[in-house]
Amino acid sequence: HYKPTDSHNYLLHSSSHPQHVKNAIPFPQFLRLRRLCIDDTDFDNKCEEMCQFLKKCGYPDSAVTTGKHCTQEIDRETALTNI
């Protein structure tokens, strides 16, 4: 669920921020979804939405895919305990 005021505006990948800052954004966004979604089907659906939001902001497929795959390997219980 997203609030109506959530515009899904993330830091544009074309910004002049250092590359390591921009590449670090997808992983915590997917990790947040891992913590919030109780079942894996819901998590997968929300990940696809997040992929679209990040790609809209110009993130390359490689950065988005890497962040997504890293969080898919973490189970929810581990994500919740490592705050």
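In this predicted model, helix α2, made of residues 26-36, packs against helix α3, made of residues 40-56. The angle between the two helices is about 150 degrees, and their axes lie 9 Å apart. Because an angle over 145 degrees counts as roughly antiparallel, α2 is roughly antiparallel to α3. The crossing of these two helices is right-handed.

The contact between the helices can be followed residue by residue. On the α2 side, the residues involved are P26, Q29, F30, R32, L33 and R34. They meet D40, F43, K46, C47, M50, C51 and L54 of α3. Sorted by class, the contact of α2 with α3 holds 8 nonpolar residues, 4 charged residues and 1 polar residue.

Next comes the empty space in the model. Rolling a probe the size of a water molecule over the atoms shows where such space is left. The largest pocket has a volume of about 160 Å³. Which residues line the largest pocket? They are H1, Y2, K3, D6, R32, L33, L36, C37, D42 and K46. By class, this lining divides into 5 charged, 4 nonpolar and 1 polar residue.

The two helices described above return here, as α2 and α3 each supply at least two residues of the lining of the largest pocket. With 3 residues, α2 gives the most to that lining.

Conventions
Residues numbered from 1 in each chain as written. Predicted model: local features only at pLDDT ≥ 70, side-chain atom pairs only at ≥ 80, totals over all residues. Heavy atoms only, no water. Axes fitted to C-alpha atoms, helices over the stretch in contact; angles between N-to-C directions. Helix = DSSP H or I, 4+ residues; strand = E, 2+ residues; numbered from the N terminus. Parallel < 35°, antiparallel > 145°, perpendicular 65-115°, else oblique. Left-handed = near helix turned anticlockwise from the far one by under 90°. Contact = heavy atoms within 4.5 Å. Nonpolar A, V, L, I, M, F, W, Y, C, P; charged D, E, K, R; others polar. 1 Å grid on protein atoms, 1.4 Å probe; cavity = no way out; pocket = protein on both sides within 12 Å on 5 of 7 lines; lining within 4 Å. Points joined across faces, edges and corners; volume = space filled by probe spheres on them.
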